[in-house]
Amino acid sequence: MADARADLMGDAGAMSVIEPFDVQKVKADFPLLQRELKGRPIHFLDSAASSQKPQVVIDAMTTYYETINANVHRGVYEIAEAATNALEASRVRVGQFIGARNPETEVIFTKNATEALNLVAQSWGRANLGPGDAVLLTQLEHHANIVPWFQLQAEKGFEIRWVPLTDDAQLDLTDIDTLLDGVKLFGLTAMSNVTGTLTPVHDLVAKAHAAGALVCLDACQYVPHLATDVAELDVDFAAFSGHKLLGPTGIGVLWGREELLEAMPTFLGGGGMILNVTLDGFVPAALPAKFEAGTPPIAEIIGLHAAVDYLDALGMDAVREHEVSITAYAMRTLTERFGDQLTIHGPAEPAMRGGVLSMAMEGIHPHDLAQVLDEHAVCVRPGHHCAKPLMKVLGVGATARASFYVYNDTDDVDALADALADAASFFSF
Amino acid sequence: MPGLEDLYREIILDHYRNPRNRGELEAPPATRTEGFNPLCGDEIVVYLDLDDAGVVEDIRIGGTGCSISQSSASMMSAAVKGKTVAEIEALTHAFKAMMSIHESSLDADGEPVDVEIPDDVKLGDLEALRGVVKFPVRIKCATLAWNTLAEGIGQATTPA
């Protein structure tokens with residue numbers, strides 16, 4: 001357990017010293033966090049759904065539009081070349097950020113993580129799955145790593161299996177060897193968007209590979225919060241979105257091992273993804289263009305570059321340390337103030353989880369809870385968080401979820417606690 | 001600015017705490033219809049027993065949801081018992097009209113203006129849900145039970 005914790009802490013668990021960042025300075029970088037709601041300062045606790053954007057990201061996109069706006073990969077004029085260079089520079093930068101060994105070819109830009117996972121299902125899955133095959137998923141998965149496999153299953157007739165959960169919403173790996181037997185692809189989340197559960201990716205990849213299965217990692221909640229090295233994790237595919245890591249909406253990333261991407265059939269067809277088109281057919285372009293049909297979201301790709309730079313300047317180990325600390329403070333504060341009245345789903349140990357707290361307040365539906373919290377300018381998310389199978393396992397229809405990021409401080413947690421207390425008194429029977 | 005008291009009127013909280021007609025009916029002969037709010041995960045089950053004349057003999061509500069969806073379901077169950085399908089359709093129409101969120105139904109201060117409800121339709125307790133219109137995200141909560149009931153009536157009145 002100690003080793004696993006050190007692993008999840010990144011370097012924070014080792015001897016090296018992490019330079020913490022000043023959260024108030026970070027907060028000041030985000031224009032939206034300066035505004036008030038209902039006469040109160042905003043307490044934004046919904047970054048697991050979408051993070052706020054620092055001024056540098058907004059500026060990077062504006063500067064693109066104001067100075068080098070032109071379509072990419074075609075024009076020979078100066079600004080078109082500049083736009084192309086900016087896009088490709090972002091690809092390399094994003095690839096480096098996640099430890100891609102071949103960023104120029106392995107980083108595929110998509111519109112979001114959902115599209116990235118659909119790409120794996122529709123391209124790799126369609127070519128490689130059929131009757132007698134199996135796909136293994138975990139009960140923690142987001143719908144984006146479930147529904148694409150159901151869609152393909154209806155057509156291809158393979159089996160879908162599920163890794164069950166323990167009572168504290170960790171993966172129950174008792175039967176993992178049996179479950180992996182005959183599996184061709186293991187769809188695994190690195191961190192649950194509902195319970196914050198961090199999964200033992202490295203160990204599971206080793207087991208999956210030993211069983212002959214590839215691993216498709218849903219890294220949406222991981223890449224924004226923990227130092228990520230896809231090569232070290234040894235996964236085969238990883239998907240994440242830009243808007244959860246301080247970047248804009250409309251941009252996602254699929255990273256895949258080069259030899260896998262090379263062998264896969266094309267996904268969306270159109271301009272940009274071809275080497276040649278004749279009246280008889282087409283020849284696909286080389287990677288990464290092969291998977292990027294149509295004009296890409298250029299401004300968003302450039303914004304993503306700025307977001308990655310911003311996070312790197314803070315240091316991802318410092319980001320992780322900050323989030324473990326704020327999560328620990330929140331769990332301690334909420335437990336002290338509400339005791340058994342408030343349930344926090346998922347692992348009890350802050351170092352074993354991400355900064356996501358799915359809460360259930362006794363006698364108050366999450367929707368009503370979030371409504372009262374809104375009166376306090378505390379932004380949390382009620383609902384099933386696009387993980388209905390997980391909600392069923394947790395035995396609830398919905399939860400109210402508070403999630404933390406680089407700009408959240410203890411004031412935000414205290415405001416959350418005060419608002420919860422108000423809700424408890426408002427709905428007291 | 002609309003406040004919480006506009007949304008959570010006392011009568012709504014009363015129906016939430018003490019839901020009327022909560023439970024199940026044997027189906028068949030009753031019909032059992034599930035309704036889902038895909039946004040929030042709320043699920044509602046309406047058990048409906050119509051007699052041969054198309055009058056609601058009995059109704060029961062199951063499922064889980066927020067105070068708005070549960071109280072709306074509770075009030076609805078009380079309001080439709082003993083009513084004919086035609087009367088329920090008129091009531092549903094009136095309720096939906098009250099819940100409609102056209103710009104024109106809000107005045108300059110964001111206050112809902114009176115929508116026209118026929119004289120012979122009495123919303124009664126359901127009037128308390130009028131404030132939901134000021135919280136547009138919650139309208140779906142209030143209408144979930146009604147949409148599920150409409151589906152149930154369709155099921156019950158369609159010859160097998």
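In what order do the seven strands of the open sheet in chain A stand? The order is S4-S10-S9-S8-S7-S5-S6, and the pairing is mixed. Strands here are DSSP runs (E, at least two residues), helices are DSSP runs too (H or I, at least four residues), and both are numbered from the N terminus. Two strands pair if DSSP finds at least two bridges between them.

This is a predicted model: local features need pLDDT of at least 70, side-chain atom pairs count only at pLDDT 80 or more, and totals for chains, interfaces and linings use all residues. Residues are numbered from 1 along each chain as its sequence is written, while chains are lettered from A and ligands numbered from 1 in the order in which they are written.

Strand S4 (107-110) and strand S6 (159-163) of chain A stand at the edges. Each has a single partner strand, so one side of each is left without a neighbour in the sheet. From one strand to the next, the twist averages 20°. Strands of a sheet pair through backbone hydrogen bonds, either parallel or antiparallel. S5 (residues 134-138) and S7 (residues 183-189) of chain A pair in the parallel sense, over four bridges. Within that pair, A:Leu136 stands opposite A:Phe186 of S7(A).

A helix joins the picture. Helix H6 (residues 113-128) of chain A packs on the sheet. H6 touches S4, S7, S8 (214-218), S9 (237-241) and S10 (252-256) of chain A. Its direction makes about 35° with that of S10(A). Such angles run from 0 to 180 degrees between N-to-C directions, and axes are lines fitted to C-alpha atoms, for helices over the stretch in contact.

Now the two chains together. 15 residues of chain A are in contact with 13 residues of chain B. Contact means that the C-beta atoms of two residues, placed from the backbone, lie within 7 Å. On the chain A side, helix H14 (366-375), strand S16 (381-383) and helix H15 (388-394) each give two or more residues. H14(A) gives the largest share, five residues. By class, this side of chain A has six nonpolar, six polar and three charged residues. Ala, Val, Leu, Ile, Met, Phe, Trp, Tyr, Cys and Pro count as nonpolar, Asp, Glu, Lys and Arg as charged, and the others, Gly among them, as polar.

Next, a helix pair in chain B. The axes of H3 (residues 67-80) and H5 (residues 139-157) of chain B come within 6 Å and cross at roughly 45°. That makes H3(B) oblique to H5(B). Among the residues making the contact are B:Ile68 and B:Met76 of H3(B), and B:Trp146 and B:Leu149 of H5(B). The contact has nine nonpolar, two polar and no charged residues. Oblique covers what is left after angles under 35 degrees (roughly parallel), over 145 (roughly antiparallel) and 65 to 115 (roughly perpendicular).

Finally, some loops. The peptide bond from A:Leu287 to A:Pro288 is cis, with omega near -5°. A:Pro288 lies in the loop between S12 (281-284) and H12 (298-314) of chain A. A:Lys38 counts as exposed, with 11 C-beta neighbours inside 10 Å. A:Ala169 is buried, with 22 other C-beta atoms within 10 Å. The cut-offs are 20 or more such atoms within 10 Å for buried, 12 or fewer for exposed, and partly exposed in between, with C-beta atoms placed from the backbone.
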